[in-house]
Every structure is written in structure tokens, then in C-alpha cells.
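Here is a short briefing to read alongside the model. Please have a look at the sequence and the fold before going on.

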Amino acid sequence: MKILKIDHLGIAVNSIDDGKNFWSEVLGLKFEGAETVAEQKVTTAFFPVGESEVELLESTSPDGPVAKFIEKKGQGFQHVAFRVENIEAALEELKEKGIQLIDQKPRIGAGGAKIAFLHPKATGGVLVELCERN
């Protein structure tokens, strides 16, 4: 598996509008817009930082994964995403190594990226996302 870089850091928020004030107004990061990913019950907003991004995540449903995360742990850091060269090969390699996966096959995430999540039980408690972008 070839990890190219940290693609983004996911931050769970109750409200993107409230959350973006800190990232844009205080830190001066440029807001690149928001996108709703209905399948994942989330609206995302990206703030580029060099070659990586900060991604704010707002749940669109009380039973969505981000809403459940906030209910359990509160707002804050939710996941780290690594950009990989070939997500299918990366998932196969992780399966061979016995790593528990949330997604057995990639799905489409924000910005049309192919994404897959590794289970926090296999990563020392950190939700890890793999993503491949064209």
C-alpha cells in the first residue's frame, strides 16, 4: 500500500456555519464550499491547508454516524484520512493483515473520491479513512 499524504482531518460539528467561523475568521483558512453526501447522512465543508484539508462534518440526520459520534464524544476530531495510490489494493493488503474494516469495498464520498474506513478497534481507537482521488 502506498500512502501519498494526509488527505484531510475530519472534525465533527453541530453546525458548519458555526464551525467555519473559527476556521475561516480566526485561522484565516479559505472556505472551499459545502457538499451534502446523502448516503452518509452528512454535509461536509473543506478548508485547504497546504496539500491537505480540514473537513467539517455536520450530520443531516439524528441517526447519522456524525450525529452518533457527537452524542457519544462531543464535537471535535473525528477521523484522519490518508490518500492512497490504489484503494482497492490497500483494502486487500489490510484484509490480508487481519485489519478490521468498516468498508469492505470503496464507496463514493465528498468530491467524488473513492473512500473506505478502517474500524477504530483495529487502529488504536482512531477512525481512519483511506481515499483515492483522480
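This is a predicted model: local features need pLDDT of at least 70, side-chain atom pairs count only at pLDDT 80 or more; totals for chains, interfaces and linings use all residues.

Residues are numbered from 1 along each chain as its sequence is written, and side-chain values use heavy atoms, with hydrogens and water left out.

**The sheet**

- Eight strands make up an open sheet with mixed pairing, in the order β2-β3-β4-β1-β5-β8-β7-β6. The edges are held by β2 (34–37) and β6 (107–108), each of which has a single partner strand, so one side of each lacks a neighbour in the sheet.
- Strands here are DSSP runs of E with at least two residues, helices are runs of H or I with at least four, and both are numbered from the N terminus. Two strands pair if DSSP finds at least two bridges between them.

**Strand β8 and its surroundings**

- On one side, β7 (residues 114–118) runs antiparallel to β8 (residues 128–132), and five bridges join them. K114 stands opposite E132, while F117 has E129 as its bridge partner.
- β5 and β8 pair in the parallel sense over four bridges, with A81 opposite E129.
- Helix α3 (residues 87–96) packs on the sheet, touching β5 (76–84), β7 and β8, and its direction makes about 145° with that of β8. Contact means heavy atoms within 4.5 Å; axes are lines fitted to C-alpha atoms, for helices over the stretch in contact, and angles run from 0 to 180 degrees between N-to-C directions.
- Five of the five residues in β8 are buried. V128, L130 and E132 point one way, and E129 and C131 the other.
- Buried means under 20% relative accessible area, exposed over 50%, and partly exposed in between (1.4 Å probe, protein chains only).

- I6 lies in strand β1 (residues 3–12) and is partly exposed, at a relative accessible area of 39%.
- Together with L9, F77 and V126, I6 forms a nonpolar surface patch with about 310 Å² of accessible area, computed by the Shrake-Rupley method with a 1.4 Å probe, where for residues only the protein chains shown count as cover.
- S52, in strand β4 (residues 52–59), is in contact with K5, I6 and D7, leaving aside its neighbours within four places in sequence.
- The C-alpha atoms of S52 and H79 are separated by 14 Å, and the two residues are 27 apart along the chain.

Technical notes
Patches are made of residues with over 30% relative accessible area and no salt bridge: like charges are joined within 9 Å, nonpolar side chains (Val, Leu, Ile, Met, Phe, Trp, Tyr) within 5 Å. A salt bridge is a side-chain nitrogen of Lys or Arg within 4 Å of a carboxyl oxygen of Asp or Glu.
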